[in-house]
Amino acid sequence: MSAVSIDTFVLDFPDPQWSTSVEKYRVNASISFDLFENTNLRTLSTDSVDAGDTVAGLLYVPDLTTSDPCYNTSKQYIPHNVTRQANLPSTDYSLIAIAPWISPNCTESYLAAAHGPARAFIFYLLNNATSLPPPVSSAVWGLQDGGQWKFDNKYPVYAVPMQLGNTLMQQLAQYSGNMTNVKNGHLLTEQYDSRDYVRLYTEIDTDVQSSMPSLWVFILIILAILVVVLCATASLMHYVQHAGRQSLRRRVASGEVDLEALGIKRMTVPQNLLDKMALFVYVHNKQEFGEQNDEPPVAVNARPDSIVSASAKPLPQRGSELCHESASINIPPPNAYVPAQNCVSSEAARDALSQSTLPRRQLPFAQPTCPICLDDFISDMTTVRELPCGHIYHPECIDPFLRANSSLCPLCKARVLPAGYCPTNVTNAMVRRERLVRRMRERVTVESPVEDNTATVRAPVSVGRRMASFHRQFGGARHEGRRISSLPSPGAVEMGQAPRRSRSDALPPTRAHGVLPAAVPGRTANTILEDQRTAEDLDREAQARLSK
């Protein structure tokens, strides 16, 4: 394993020839040599060493044969009195070799000479460097064998800077003879036996890392995996939500889904779409009151030449500013005095002028009352707005309602917006709401009507508890086959509104069902709208409950 520190100190141990004692003593650093290095160490090979092991032994320089070319080459780098294997006891002591890295051939010679007694080898480059040696992948450490030398030698190999290597080599030369000849030998003889050996001893500590990563590495790996999983999950969730929004947007654009009819999103009608809806002067059908219609019906969206000008027609009776039925619509100049009995308000004058430019139209069905304000339409006088479903209203009643409240017809809940119109962004909440409504509808089982020879009998309808909850949320089922009635609600009577007469004729047919469903008698548009609870309303109620 990689070396983390090298500790070299002077060791005193007895000579086996004079003593059988095996005790060893570390000489005090104040009177000997002591060196510790834990920074500039490079591990070249880790053969025959385990993680956390300490490689220790007496430091020495391997002997080369005199016939080896490196024998003379290395003399200039190695002192002549350096500690050799001959200067060590003959007993089996652990040894650590040290030598300069001169050339590939000399390195191979030293590695071969260290086989057997050495437990490790320390090299240092001859480059006068004091920093960390080059990495193990550097070409400096190549022996022209593709790195095979790292596996052939059965001991680990380390490298130190040249300064540290020279220091160790000089100290090996000082601690290679008798105790009296070493540095501070006279002091050492006072504490130890003069016949003992005094040599350099080196301990190389390796890291405790094994093939398994440490705890922090495991934690980082787990965190990285969690981050990757979260990112993948979030990306998948965003992709699914985006696909759901796109799908709902396509179905809304094709007219398959009506967001407001399902109670998902309350929508309004912009003014530019209101301006495109039919606006004409109401002409009642005389058959509605049992009268004989002698005049041919007026062409739709066309104003015949026989229509009398608005100045000769009586003004509508709805305003309180009307002073005389035959009052002229000529507006007097400023500062001119007009008698009270002949005056007309500016609003009535503008209405009359606008009516003079609008076409007159006779409806093929009977709807003499505005369902919102419950006022009767005045033939040839009242301007009405026709919705795509066929129902008509006062423009001043229906326009604010469609602009601010809803995009559905107050009577039949038909869609006023054109098919495919989607003015708002589709959100994930709208997608979930639409999916919930669709699933609830799929769980409802409705049997087909059974025809017999005498009458039409409707088979029972099986509706679950979930559908009941659906009706409570979205205001219940539509009322089909109801007639328009001008009968005011009890609340309207209590507020002092005058009761209106009711009409009993059928409503015009629609494209889908043949009969236009009418509203419940006495219910205004705002009352009808209260039955619809959208997803936004439910979210606001939930937030209000949480805040409490």
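Which strand does Ile 122 lie in? Ile 122 lies in β7, residues 118–125. Strands here are DSSP E runs of at least two residues, helices H or I runs of at least four, numbered from the N terminus.

A word on the model. It is predicted, with local features needing pLDDT of at least 70 and side-chain atom pairs pLDDT 80 or more, while totals for chains, interfaces and linings use all residues. Residues count from 1 along each chain as its sequence is written, and side-chain values use heavy atoms, without hydrogens and water.

Back to Ile 122. It is buried, at 0% relative accessible area; buried means under 20%, with a 1.4 Å probe and protein chains only. Val 157 is 35 residues away in sequence, yet the C-alpha atoms are 6.0 Å apart. Contacts, meaning heavy atoms within 4.5 Å, include Ile 98, Tyr 158 and Ile 204, leaving out residues up to four places away in sequence.

Now the cores. A nonpolar core joins buried Ala, Val, Leu, Ile, Met, Phe, Trp, Tyr and Cys residues through side-chain atoms within 4.5 Å. The largest has 63 residues, and Ile 98, Phe 121 and Ile 204 touch the most other members. Strand β7 gives the largest share, 7 residues. Apart from this core lies another, of 36 residues, among them Val 384, Tyr 393 and Phe 401.

Last, a sheet. Four strands run β11-β10-β12-β13, open and mixed; pairing needs at least two DSSP bridges. The edges are β11 and β13. Strands β12 and β13 pair antiparallel over 2 bridges. Glu 386 has Ile 392 in β13 as its bridge partner. Helix α9, residues 395–404, packs on this sheet, touching β10, β12 and β13.

Notes:
Axes are lines fitted to C-alpha atoms, for helices over the stretch in contact, and angles run from 0 to 180 degrees between N-to-C directions. Buried means under 20% relative accessible area, exposed over 50%, partly exposed in between (1.4 Å probe, protein chains only).
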